[in-house]
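Dear colleague,

Please find below the sequence and structure that I am handing over to you. My notes on what was found in it follow directly after.

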Amino acid sequence: MQDSELKRFGVSMDSHLLRKFDQLVSQRGYENRSEAVRDLVRDALIQQSWEDHEHIVAGSILLFYNHHQRNLLEEMTNIQHHMHDLIIATTHFHLNHDSCLELIVVKGKVKDIQQLNHKLTSLKGVDYGKFTVAPVEQI
């Protein structure tokens, strides 16, 4: 069971850093500093969860690639079939004559998903890859 009681605490920072933080709060549309601090803490906790390679996470792998690259689609398909137990869903978009975007929704141990991500993003013809993650357990 989670303790959902709000707790207050103080944060000290120099005025220059606080001005920059207030700009961030405004740019991102937060109603107040507390909301921004909560999001920053959540993000830090998610990043920390990556350090535990046995931790179960869900996330996505986003790939931009040139579909004319020789053997790329076959290699991508082989990797995904070999690691199919980590993949929940995939979707494919044609961006223009040469470029495609593929979104792969994943769930599994951090170490396994990182391996899948590295195998896919390192393929010749993949122009950009991004792995995003969220812990399955509540933070």
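Please note that the model is predicted. The protein has 139 residues, of which 27% are buried.

Helix H1 and its surroundings

Leu17 belongs to helix H1, which covers residues 15–27. Where H1 starts, a side-chain oxygen of Asp14 comes to within 3.1 Å of the backbone nitrogen of His16. After H1 comes Gly29, which has a positive phi, near 80°.

Leu17 also contributes to a nonpolar surface patch, together with Phe9, Val11 and Met13. The accessible area of these four residues together is about 420 Å². Leu17 itself has a relative accessible area of 45%, so it is classed as partly exposed.

Salt bridges

Side chains of opposite charge can pair when their charged atoms come close. The structure contains three salt bridges.

The pair Arg33 and Asp22 has its closest N and O atoms 2.7 Å apart.

An α-helix has 3.6 residues a turn, so residues three or four places apart point the same way. Arg42 has a relative accessible area of 42% and is partly exposed; Asp39, with 34%, is partly exposed too.

The remaining salt bridge links Glu5 and Lys7, whose closest N and O atoms are 3.5 Å apart. Exposed means over 50% relative accessible area. Glu5, at 52%, is therefore exposed, and Lys7, at 56%, also counts as exposed.

The aromatic pair

How many aromatic pairs does a search of the whole structure find? There is one. It is formed by Phe64 and Tyr128, whose ring centres are 5.9 Å apart; their planes lie at 50°, so the pair is tilted. Since Phe64 is in strand E1 and Tyr128 is in strand E4 (residues 126–135), the pair ties together parts that are 64 residues apart in sequence. Phe64 is partly exposed, at 27% relative accessibility, and Tyr128 is partly exposed with 42%.

Asn71 sits in the loop that runs between strand E1 (56–66) and helix H3 (72–82). With a relative accessible area of 42%, Asn71 is partly exposed. Its C-alpha is 9.3 Å from that of Gly125, although Asn71 and Gly125 are 54 residues apart in sequence.

Yours sincerely

Definitions and conventions:
Residues numbered from 1 in each chain as written. Predicted model: local features only at pLDDT ≥ 70, side-chain atom pairs only at ≥ 80, totals over all residues. Heavy atoms only, no water. Helix = DSSP H or I, 4+ residues; strand = E, 2+ residues; numbered from the N terminus. Buried < 20%, exposed > 50% of the residue type's maximum accessible area, 1.4 Å probe, protein only. Phe/Tyr/Trp six-rings, centres within 6.5 Å; stacked < 30°, edge-to-face > 60°. Patch = residues over 30% accessible without salt bridge, like charges linked within 9 Å, V, L, I, M, F, W, Y side chains within 5 Å. Areas by Shrake-Rupley, 256 points an atom, 1.4 Å probe, with all protein chains shown as cover. Salt bridge = Lys/Arg side-chain N within 4 Å of Asp/Glu carboxyl O. Polar contact = N/O pair within 3.5 Å; in protein donor to acceptor, adjacent residues only side chain to side chain.
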